Amino acid sequence: MNGMTIGVIAVAVVLIVDVVLLLGLVTMKTVNRRRAQSYKLRRAGYVATLSRRLASSAAADPIEARAAADDAFLDAVIDLRNIVTGHEIETLAGIVDGLGLARRQEARLRSRFPLGRRLRAAVSLAEIGDETTATVLIEHLSDREPEIRIQCARGLGRIQHTAAIDAILERFDVEEPWVRARFADTMVGFGAKATWPLVAYIRVNLRPRDNEGVVEAIRVLGVIGDREVGPTLSGVLRVASDPEVRIAAIEALGVVGGPLAIKPLKATFRSTDWRLRAKSATSLAQIGDPSVNSLLARGLEDANWWVRRNSAAALAALPGGADLLLDAVGSDDLFARDAAGEALADCGALAGAREREEAGLTNAEDRVLLAHMTGQVLA
Amino acid sequence: MIGEILLWVGYGTLVYFIVMQAYMIGLGLRSAAVMRRVHHLERFGRVSEMLSSQTSPPVSIVIPAYNEAAGIVDSVRSMSIVGYPRFEIVITNDGSSDGTLEALVEAFHLERVRIPYRPDIPTAPIRGIYRGHGAVDITVIDKENGGRADALNAGINAARYPYALCTDADVILDSNCLVGAMRRIVEDRERTIAVGGNIRPLNGSKVQLGHLVEAGVPRKLVPRMQVLEYLRTFLASRPAWSQMEALPLVSGAFGVWKRSAVIAVGGFTSGHLGEDMDLTMRLHRHHIDNQIPYRIVYEPSAVIWTEVPETLRVLRRQRVRWHRGLMTAVRDFMPMTFNPKYGKVGMVTWAAMFLFEFLAPIIEFIGWITIPLAFFLGALNTTSLVVLLAIAFGAGLLNSLVALLLDESYGYFNSRVDTARLVVMALIENFGLRQVTVAWRIRAIIGGKRTRVWGNMERKGVANLGVEAS
Amino acid sequence: MREIKRVLVADDSDTVTTVLVTALELEGYEVETAVNGLEAYEKGLTGDYDLVILDQLMPGLLGLEVIDRWREEGCQISTIMLSGVDDDRTVVGSFESGAVDFIRKPFRIPELLARVRQRVQG
């Protein structure tokens, strides 16, 4: 076997592979094109039929039997479910039941492959599943494919299957960050029903470090916004040593803390960690009690830039805070001036001053603010 | 005797090319494994739920703008409805002379403000800052001209959020691009410092009001060649590099950067012709030298569309610029090349960048000279030559076909016309067009006064691209 | 005053459009459609409609911007804003711009038809 023969064989191999790939490519494109066109037509047809049925039961066209096995029909149903509400949802649910659509997708999810079909099944069940789907969904919360796990949680949230809350929480610690974040979204969807399970989870799992699950749980509590967890979170703030946990608790307290949270937040506003100070400023503003104004005004002169900025934004949001900001605009501290100026611009005080200027009705404070704004900007 | 030497040198260059194509095929296969997931997500994943999530990290979209008055308003408007829960837009007016600033101020009702602007990265002087509060918070930094890198640095300085998406004013963002990119960050928030996106040529597509209506393959050969090029890079190379965590380049047209990391290395290098590659490699070097855990990845589903040069003239300027940027980077990062300290970046991807991107035109040029010379001196066996050329051509075609097959995950370009255009291009691209780009790059290496540095790309204003006359 | 009222439905989702067109036609309206803000704006100027149902989030011009531009042209069309975006800025902004009603997505078909009946001009 000399070099020439090897060379010729190599050429042949490469060119054959090329021809195979080329034919494969052209075939795939042709198939995809036809599929896409057919899908579009079928789906439009199904949407039209279903729309007529939803708009008026009298005008109901029969639904063809083949629709039951058609993914285009399923997609049409899902789209419509997201557009209409009220009695129409029941009509659609009736159609889903009558044709056994959910059962079919459950079977597909249970199969071991192909991935594409299983994923599509999970997505569909997340949209059209009912109480009887809950079992399958809970089973697959630990599926090996992350997207499927996300869709299962999503589905359980949509059907409000509260028994799943613990199953989902159990996975908080072992899950990868992206999936856990999507699980957290589902928790938010459960609302108040998730509150006490979350609190229990936090109590059990709080550690000196590696608290990603706990942090996520605290964030969820903040979003759900149930005031009753305020004292729990204040307790967490006291007890926890992990700064990530404390930051999360501070943020959540801004929403759920209420007046009782002001004392612990004032304490964290004096923390040596700038992140805690910065977040405390924001949370104090959210609680809305102007008694913290003078404390926040001192924050305008903090060594850390973010703390200054957040303190200014907080003052802009609190009753009476704008006055303190206007004082700061005239202060010697350049950064306090700029931070105050930005907050006043963002909250509309600047726009107000400019309007008054145009009407010729400026007061002393307006003039200070406007002078500050039109001054030379730093390079 | 001379003929023999020339012959072997000539063979050497052909073997070099076959090795290069083999490397790319290897990357392509590795990328295919990565793209399999993208394929499923593109078709079935519903990303819209993330849009109401309160827990996603906020992002500042940073846009440098120099004389973009034609399309900047439509562009910003379409960016402002990208799918993402929390973000702001920061535009740097880099000393435009065509009324870019005025157009922005008027369209978005911006007011001039003073805000604490911290020059973490030094830039050209700032003239003013403007803010607006419509559906999306918009900040415009007006500054003296300093170039794209400088404008990006100013935008990063002013950005409020921990992550900055650096992009261009004439880019069309796919509505899921930011979710896709941020997913890579949320996956590993501690370590992820940059995410690169998937850039697709807009030419030949139907655009209306700053939105992509239908993707299409351009009729003209120059942009069509680039469609294949971009597919080979973004579908068949970068996913593999990213999986090795050795991505040497996060493109300037779409990169999500961790602000603190960028500031720590001093931001984009002003005046550098390849500022995106330079920053990416500096980040690698900084983190490896200081033993800071990190990763820089690429997200194939973060798709954006941008106009590419339509004529050889504009394309030449772009390629000369790129190659000179590459030259500077090769010089700057020579100590990293083939240096095991720098892991896969030094030993594989940057080494390949040096060997196959930078050296390629030189070696190909040597081939052009030595092979014909060897032939005329009678030293060349025609059959051997044909065999080697056929393998090189076949392997090159293979790479393009792999890229086109990977592109099937997205479902664009399925019409008969598009398919035919792509196939034809894959077959003919090695007969002429590529050789021209090699000539330009040789020219770039030699340097010379005629090679202008920053040409004006004639912009149509992306928002108003009609259907290309077919 | 016309017997058969003309309605323009503007939404970029063809599913939404089909539902609305079907429901409205069954009620006896004459319905036309637009798929983006610019088309809605242009049709509204020349089309002589008794009512427009406008989606807020459309490519190109947003629903609010369309109403603003109509007002600039002195065009007064009874407009119902339809939107999945539920924040204050959108809702209040719609009314301030001159919309006569605001319907959230997802919507109930009978309720939408009732509001249309109330708001249609003429």
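Visitor: What share of the residues in chain B is buried?
Guide: In this predicted model, 63% of the 470 residues in chain B are buried.

Visitor: And what is its secondary structure?
Guide: Chain B comes to 15 helices and 12 strands.

Visitor: How far does the C-alpha trace of chain B span?
Guide: Along its principal axes, the trace spans about 75 × 50 × 45 Å. The radius of gyration of chain B is 23 Å, which agrees with the value near 23 Å for a compact globule, because that is what a compact globule with 470 residues would have.

Visitor: What part of the contacts in chain B comes from residues 24 or more positions apart?
Guide: Such residues account for 80% of the contacts in chain B with a separation of 6 or more.

Visitor: Turning to chain C, how many residues are in contact with chain B?
Guide: On the chain C side there are 11 residues, and they are in contact with 8 residues of chain B.

Visitor: How much area do the two chains bury?
Guide: Chain C and chain B bury about 690 Å² between them, and 57% of that area lies on carbon and sulfur atoms.

Visitor: Which three residues of chain C supply more of its buried area than any other three?
Guide: They are C:Pro59, C:Gly60 and C:Arg89, which supply 48% of the area that chain C buries against chain B.

Visitor: Which side chains meet in a salt bridge?
Guide: The side chains of C:Glu65 and B:Arg77 do, at 3.2 Å from N to O. The count between chain C and chain B is 1 salt bridge.

Visitor: How do the residues on that side of chain C divide?
Guide: The side of chain C that touches chain B has 6 nonpolar, 2 polar and 3 charged residues.

Methods
Residues numbered from 1 in each chain as written. Chains lettered and ligands numbered in written order. Predicted model: local features only at pLDDT ≥ 70, side-chain atom pairs only at ≥ 80, totals over all residues. Heavy atoms only, no water. Contact = heavy atoms within 4.5 Å. Buried area = accessible area lost by both parts, 1.4 Å probe. Salt bridge = Lys/Arg side-chain N within 4 Å of Asp/Glu carboxyl O. Nonpolar A, V, L, I, M, F, W, Y, C, P; charged D, E, K, R; others polar. Helix = DSSP H or I, 4+ residues; strand = E, 2+ residues; numbered from the N terminus. Rg over C-alpha atoms; globule rule 2.2 N^0.38 Å. Buried < 20%, exposed > 50% of the residue type's maximum accessible area, 1.4 Å probe, protein only.
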